[in-house]
Amino acid sequence: MLRALLQASLNLISTSPCPVCGGGADPPDEPGPCLSCRETFDLAPGGLTGDTPLPWLGLGPYEGAYRLLLLSQRQRPKGTVLRGLARALAAEVPGGIGGSILVAIPSWKRQGNPLPNLVVQQLIAQQGQGPPLGARALPLLQRSRPTLGQHHLDRQLRLRNQEDAFRLQPGQRAALPQLKRQPIWLVDDILTTGATALAAAAALEQAGLEVKGLLCLARTPFREPTPGRKRSRPEGEAVEAKGSPPEACAPMAPRGQGQEARAALTGLQRGREAGGGAGRQSVARTP
Ligand SMILES: [Zn+2]
C-alpha cells in the first residue's frame with residue numbers, strides 16, 4: 001500500500017516512463033528501472049558488488065524473472081530495456097564511468113552474445129562520448145582461441161578453459177601508450193566465477209593497462225548444496241548487496257554433466273598442447 005502510494009506520487013513528479021516495462025516512472029534518486037521492475041527483478045538498491053576474482057559491479061542476481069529478462073534480451077535485444085539497465089549500472093560506479101575506457105568482453109562465435117557490446121553502447125549513451133566527462137568504447141580484446149561452453153564447468157575448469165583465451169586486438173596496439181593512465185572497465189552481461197573476466201583483464205594488464213574491474217548486468221548466485229553433502233563457501237566468493245546480508249556465490253556443475261565437460265576440456269587441452277592451439281602457454285596438466 002505504502003509502495004503504491006509512493007509510486008503514485010513519483011508518477012506525479014516525473015512522467016518519464018520506465019525504460020524496462022514502459023510504465024511507472026523513474027524514482028528520483030534511482031535512475032533506470034521503476035520501483036515495480038526493481039522489485040520484480042530483485043535489483044538491490046545500489047546493486048551488487050564484490051572483489052573476487054576481480055572488483056565487479058552488477059545490478060542483480062541472475063535468477064528468476066531477471067534471468068528470463070536477460071535471456072530474452074540475448075535473443076531479441078531491446079534498446080529501451082538495455083538503456084534502462086545501463087542507466088542503473090552507470091549510476092552504481094563510484095565516481096561514475098566518465099573518462100573511462102569500456103571494453104566489451106568478446107564472444108568466440110561471430111554470432112555470439114550481443115549483450116556485452118550493446119551494454120557498452122548504452123553506457124556510452126548515458127555519459128556522452130570522450131573525456132573528460134564521457135566514457136569511450138574500445139574493442140581492445142579478441143579471443144585468441146576457442147573455449148568450451150562453460151555452463152557445466154566448475155570454477156577450476158573455467159579458469160583453465162579461459163587461460164590465455166584473450167589477446168589484444170592487433171589494430172589497437174598503436175593506441176596503447178595513450179591508454180596507460182586511463183581506467184578501463186570490462187563489460188559483460190553475466191558474471192559467474194569470473195574466469196572469463198580474469199582472463200580478459202590479464203590480457204590488458206600484460207599490455208600495461210589498468211583494469212578497474214568488471215561491470216555486469218547480473219551475477220550468478222550460489223546454489224545450495226544438496227542435503228547431506230557439505231560444501232564450504234569458496235574463499236572470497238561473497239557477494240555484497242548493499243542493505244542485504246552477504247550471499248555466497250559459486251556455480252556447481254550438475255552431476256553427470258560435469259564429467260562430460262571435464263572430458264571435453266581435457267581433450268581440448270591435449271589439442272592445445274599438441275600445438276593445435278594459439279595459446280602462448282600450455283595448461284598445467286593434472287596427473
Ligand atoms: Zn518498470
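## Strand E9

How many of the ten residues of strand E9 are buried? Eight are, which leaves the strand (residues 210-219) mostly covered. The model is a predicted one.

## Partners of E9

Strand E8 (residues 183-191) runs parallel to E9, and eight bridges join the two. Within this pairing, leucine 186 stands opposite leucine 214 of E9.

Strand E2 (residues 56-58) also pairs with E9 in the parallel sense, over two bridges. Tryptophan 56 has leucine 214 as its bridge partner in E9.

## Helices H4 and H5

Two packed helices are described by the angle between their axes and the distance between the axes. For helix H4 (residues 79-92) and helix H5 (residues 115-127), the angle is about 65° and the axes are 8 Å apart. Angles of 65 to 115 degrees count as roughly perpendicular, so H4 is roughly perpendicular to H5. The crossing of H4 and H5 is right-handed.

On the H4 side, the contact is made by Leu82, Arg83, Ala86, Arg87, Leu89 and Ala90. H5 contributes Leu118, Val119, Gln122, Leu123, Ala125, Gln126 and Gln127. By class, the contact of H4 with H5 holds eight nonpolar, three polar and two charged residues.

## Glycine 98

Glycine 98 sits in the loop between H4 and strand E4 (101-104). This glycine has 17 C-beta neighbours inside 10 Å, so it counts as partly exposed. A residue needs 20 or more to be buried, and 12 or fewer to be exposed.

Which separation does glycine 98 have from glutamine 127 in sequence, and which in space? The two are 29 residues apart in sequence and 6.7 Å apart in space, C-alpha to C-alpha. Gln127 is also one of the H5 residues in the contact with H4.

## Helices H6 and H8

Helix H6 (residues 155-162) and helix H8 (residues 195-206) cross at roughly 30°. Their axes come within 8 Å. H6 passes H8 in a right-handed crossing.

H6 brings Arg155, Arg158, Leu159, Asn161 and Gln162 to the contact. H8 brings Ala195, Thr196 and Ala199. By class, the contact of H6 with H8 has three nonpolar, three polar and two charged residues.

Definitions and conventions: Residues numbered from 1 in each chain as written. Predicted model: local features only at pLDDT ≥ 70, side-chain atom pairs only at ≥ 80, totals over all residues. Axes fitted to C-alpha atoms, helices over the stretch in contact; angles between N-to-C directions. Helix = DSSP H or I, 4+ residues; strand = E, 2+ residues; numbered from the N terminus. Parallel < 35°, antiparallel > 145°, perpendicular 65-115°, else oblique. Left-handed = near helix turned anticlockwise from the far one by under 90°. Contact = placed C-beta atoms within 7 Å. Nonpolar A, V, L, I, M, F, W, Y, C, P; charged D, E, K, R; others polar. Pairing = 2+ DSSP bridges.
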